[in-house]
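Here are a few exercises to work through with the model open in your viewer. Try each task before you read its solution.

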Amino acid sequence: MKLRDAPSACPSLWRCLPCPPAELRLDLVLSSGQSFRWWESSPGAWTGVLGGRVWTLRQDGDRLWYTVYGEEDEHEEEQQGGCPAKAAKLDAAETDRILRDYFQLDVGLSALYRAWGAADPLFRKVANDFPGVRVLRQDPVECLFSFICTSNNHIFRITAMIERLCQAFGRRLCCLDSRPFHAFPSLSALTGADAEARLRALGFGYRAKFVSGSARAIAEGLGTEGLCQLRTEPYAEARRVLCALPGVGAKVADCVCLLSLDKAEAVPVDTHVWHIARQRYGVALGGKSLTPRAYQEIGDFFRGLWGPRAGWAQAVSTPPSWHPCPPPQPCPPHHLSPLQVLFCADLHKGQNQPAASIGPGRADAGRAMGMGPSRDTPGGTVT
C-alpha cells in the first residue's frame, strides 16, 4: 500500500477538521515525547498508529487533515495514481471523534495560554514562540508500558524500543511503502511465560521484567477495564495504584496520569524540573537530591502557579526527563519541542560524552543528560 502524504494523493480518502495552529501544532506535539508512535513521513506529514489504525495527519492553515489506512491484503490492487481499489469503509463521524479525543480539541488552548501567561512571566516569555502545544489523551495501556521504557533514556531510543515491542507482540495492521505498522500489544500478549525473555532479547534490559511484571499485575488485578476506569478516580488514588506496579515510580505514574488518565493537574518532576524550580522560580527546597518530599513540593508549587491544568502548562515551559536526540549532536530546530527549548542549555550539558548504541545488548545505556538515578530503576531515588 502506498503512503498518502497529502490530500492531493487520493483526495476522496482525506477528511479535515477545523483547527488553527494556536490550538494545535502537530510538529511540536507529536515530536515532544508524549507519544512514541508518530513518524514525520514527509515534510509536514505525520504517520502513526492510533486506535488500532494507521493514520497520516497534516496541517494546512486552519485545517487538520487526516487519512486512515485499512488493513490490507498483501496483493491488494491499486487504481491509477496509487489509490486503493477497495478503500476501507470508515465511519467519518467516528474517525473525527477519535482524533478530537486524542488531541483533546474540546479544550480551548488559547485561553489557557493567556491565563498561564498572566500568572507566570517565564511562561509568557516562551509561549509566543511555541503556540499550540497540548497534551494528548492516550490509551492507558499503551501509555503505561511506553513510559515504563523511558527511564534513563532518550526519545530516539525509546521510539526504537516501542517499535520493536509492537513488531514482536502486536498485530500487523498494514505496510506502507514497504514499512510495516503494528498495533500496540494487548495486555494478554505481554503476560506470556516467555515475555520477559523475549523482551530482553529485544534489548529492553532491566525494563523487561518491569513490562512483563506490570502486565501480569494488571491482568491479575485491575484488568484493562480497571486501568481505564482510573480516569474517574481522584488523581491521588490513580497515582497510588500506578505506583504499586513494578517499575512505576512517581514520575512515570504522573506521566501516565497526565497523558492518559485525565489528570491535568499531574506534574511529572525530574531533576531538570527540580533545577528549574530552584534556579528559575526560586522555590526553596532543602537537600541536594530529589526526595519524595521535594517531588511533592515542586508539583504543588506549579499547581499553585498554573492552576488545575498545571500539567498542560508544564508541557510548554519545562523539559522532559529524556533527551530527544542522542548526544553529542544537538537537535535540529524541528526536532526540539517546547519541552526542550526554554532550558536547552541545561539539556545540552555534558554532550561531549559518547553516544550510546541503540541496538540490543546496550539497553541500559543512553541515559538522559543531566539525570541522576531514578526510582524507576533499581536502587535510585525518586525522579
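**Exercise 1.** Is the crossing of α5 and α8 left-handed or right-handed? Work out the packing geometry of the pair as well.

*Solution.* Keep in mind that this is a predicted model.

Step 1: get the geometry. Helix α5 covers residues 140–148 and helix α8 covers residues 207–220. Their axes lie 9 Å apart, at an angle of about 155 degrees.

Step 2: classify the angle. Since anything over 145 degrees counts as roughly antiparallel, α5 is roughly antiparallel to α8.

Step 3: settle the hand. The crossing of α5 and α8 is right-handed.

Step 4: list who touches whom. From α5 come Leu144, Phe145 and Ile148; α8 brings Arg207, Phe210, Val211, Ser214, Ala215 and Ile218.

Step 5: sort the contact residues by type. The α5 and α8 contact splits into seven nonpolar, one polar and one charged.

**Exercise 2.** Which side chain meets Arg15 in a salt bridge? Then check how accessible both partners are.

*Solution.* 

Step 1: find the partner. Arg15 pairs with Asp96, at 2.7 Å from N to O.

Step 2: Arg15 sits in strand β1 (residues 15–18) and Asp96 in helix α2 (residues 92–103), so the pair, 81 residues apart, links distant parts of the chain.

Step 3: compare accessibility with the cut-offs. Asp96, at 13%, is buried because that is under 20%. Arg15 has 34% relative accessibility, so it counts as partly exposed.

**Exercise 3.** How are Asp300 and Arg303 placed in helix α13? See what their side chains do too.

*Solution.* 

Step 1: look at the spacing. The two are three residues apart in helix α13 (residues 292–306), which means about one helical turn separates Asp300 from Arg303.

Step 2: look at the side chains. Asp300 and Arg303 form a salt bridge, with the closest N and O atoms 3.0 Å apart.

Step 3: check accessibility. Asp300 comes out partly exposed at 39%, while Arg303 is buried at 18%.

**Exercise 4.** How many salt bridges does a search of the whole structure find? Pick out another pair and a network.

*Solution.* 

Step 1: take the total. The search finds 13 salt bridges.

Step 2: pick a pair. Among them, Arg25 and Asp27 meet at 2.8 Å, N to O. Arg25 is partly exposed at 24%, and Asp27 is partly exposed at 28%.

Step 3: pick a network. Salt bridges link Asp101, Arg137 and Asp262.

How values were computed. Residues numbered from 1 in each chain as written. Predicted model: local features only at pLDDT ≥ 70, side-chain atom pairs only at ≥ 80, totals over all residues. Heavy atoms only, no water. Salt bridge = Lys/Arg side-chain N within 4 Å of Asp/Glu carboxyl O. Helix = DSSP H or I, 4+ residues; strand = E, 2+ residues; numbered from the N terminus. Buried < 20%, exposed > 50% of the residue type's maximum accessible area, 1.4 Å probe, protein only. Axes fitted to C-alpha atoms, helices over the stretch in contact; angles between N-to-C directions. Parallel < 35°, antiparallel > 145°, perpendicular 65-115°, else oblique. Left-handed = near helix turned anticlockwise from the far one by under 90°. Contact = heavy atoms within 4.5 Å. Nonpolar A, V, L, I, M, F, W, Y, C, P; charged D, E, K, R; others polar.
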